[in-house]
Amino acid sequence: MGGDQEGFKMGLEILLKNHLTALKSVFIVLILMSCAIAYVGSKSGYDLDIFVFFGIFTVLNVGPAIVLHLEYYSCNKKKKYWISKNSIVEFQGEFERSFKVEEIDRIVFYMPPSVLKGSEIKFLAIEEYYFAKVIFKNNESIILTCLLSNKLESVLSQLENIKIVRKKALFASVSFWA
């Protein structure tokens with residue numbers, strides 16, 4: 001996805017890089033918890049309570065992120081998108097749908113507070129996940145998740161004359177918000 005005859009044009013699809021970017025906080029939590037278990041365990045003689053405490057914390061932090069990751073993957077798997085200043089084109093296998101900006105009513109982003117603020121510091125693994133709901137004037141919609149691009153907001157902001165709404169959602173589940 002590359003060429004460009006009408007100015008800005010961007011291809012979106014799920015790539016390994018996007019998976020790893022979204023899972024960054026999961027990896028950090030797992031590394032930090034492993035180090036904490038090793039350090040605290042070595043000081044306390046590897047008491048079972050230490051493993052239980054850190055294990056529960058890790059599952060409560062990483063579990064919801066894995067759920068969001070799988071949900072986002074199922075929303076956008078086998079789909080590709082072209083975004084230009086005046087259209088969105090969705091590809092799914094041999095099927096292609098094109099939407100002109102005139103057909104778009106608004107784009108609603110569901111984002112954790114840290115993403116809304118533009119912060120790089122995230123305390124929970126779920127704070128890496130956000131999505132956009134593109135709502136058309138005929139009440140149809142499509143969901144674009146951060147697995148398509150970690151710069152999804154800036155890509156969709158290139159669409160001309162479209163109302164963009166940003167909503168706070170700590171757990172940005174497509175099933176819950178869309």
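Trainee: What do the buried residues of α2 pack against?

Mentor: This is a predicted model, and in it the buried residues of α2 pack against α1 (16–22) and α3 (48–76).

Trainee: OK, and which residues of α2 are buried?

Mentor: They are Ser25, Val26, Val29, Met33, Ala36, Ile37 and Gly41. If you look down the axis of α2, these buried residues fall within an arc of 115°, so they line one face of the helix.

Trainee: And what's on the other side of α2?

Mentor: There you find Ile31, Leu32, Tyr39 and Lys43, which are exposed.

Trainee: Switching to strands: in which sense do β2 and β3 pair?

Mentor: Strand β2 (residues 80–84) and strand β3 (residues 87–92) are antiparallel, with five bridges between them, and a hairpin of two residues joins β2 to β3. Within this pairing, Ile83 stands opposite Ile88 in β3.

Trainee: How many bridges join β3 to β4, then?

Mentor: Six bridges join β3 to strand β4 (residues 95–100), and these strands also run antiparallel. Glu90 stands opposite Arg97 in β4, while in the hairpin of β3 and β4, with two residues between the strands, Gly93 takes a positive phi near 65°.

Trainee: New topic: how many aromatic pairs are there in the whole structure?

Mentor: A search of the whole structure finds seven aromatic pairs. In one of them, the rings of Tyr72 and Tyr129 have their centres 5.6 Å apart and their planes at 75°, and because planes over 60 degrees apart count as edge-to-face, that is what we call this pair.

Trainee: Where do Tyr72 and Tyr129 lie?

Mentor: Tyr72 lies in helix α3 and Tyr129 in the loop between α4 (113–116) and β6 (131–136), so the pair ties together parts that are 57 residues apart in sequence. Both Tyr72 and Tyr129 are buried.

Trainee: What about the rings of Tyr72 and Phe131?

Mentor: Their centres are 6.1 Å apart and their planes are at 75°, so this pair is edge-to-face. Tyr72 in helix α3 and Phe131 in strand β6 are 59 residues apart, and their pair links distant parts of the chain.

Trainee: Is Phe131 buried or exposed?

Mentor: Phe131 is buried, with a relative accessible area of 0%. Ring pairs also link Tyr72, Tyr110, Tyr129, Phe131, Phe176 and Trp177 into a cluster.

Conventions
Residues are numbered from 1 along each chain as its sequence is written. This is a predicted model: local features need pLDDT of at least 70, side-chain atom pairs count only at pLDDT 80 or more; totals for chains, interfaces and linings use all residues. Side-chain values use heavy atoms; hydrogens and water are left out. Buried means under 20% relative accessible area, exposed over 50%, partly exposed in between (1.4 Å probe, protein chains only). Helices (H or I, at least four residues) and strands (E, at least two) are DSSP runs, numbered from the N terminus. The arc is that of the directions from the helix axis to the C-beta atoms. Contact means heavy atoms within 4.5 Å. Two strands pair if DSSP finds at least two bridges between them. Rings of Phe, Tyr and Trp (its six-membered ring) pair if their centres lie within 6.5 Å; planes under 30 degrees apart count as stacked, over 60 as edge-to-face and the rest as tilted.
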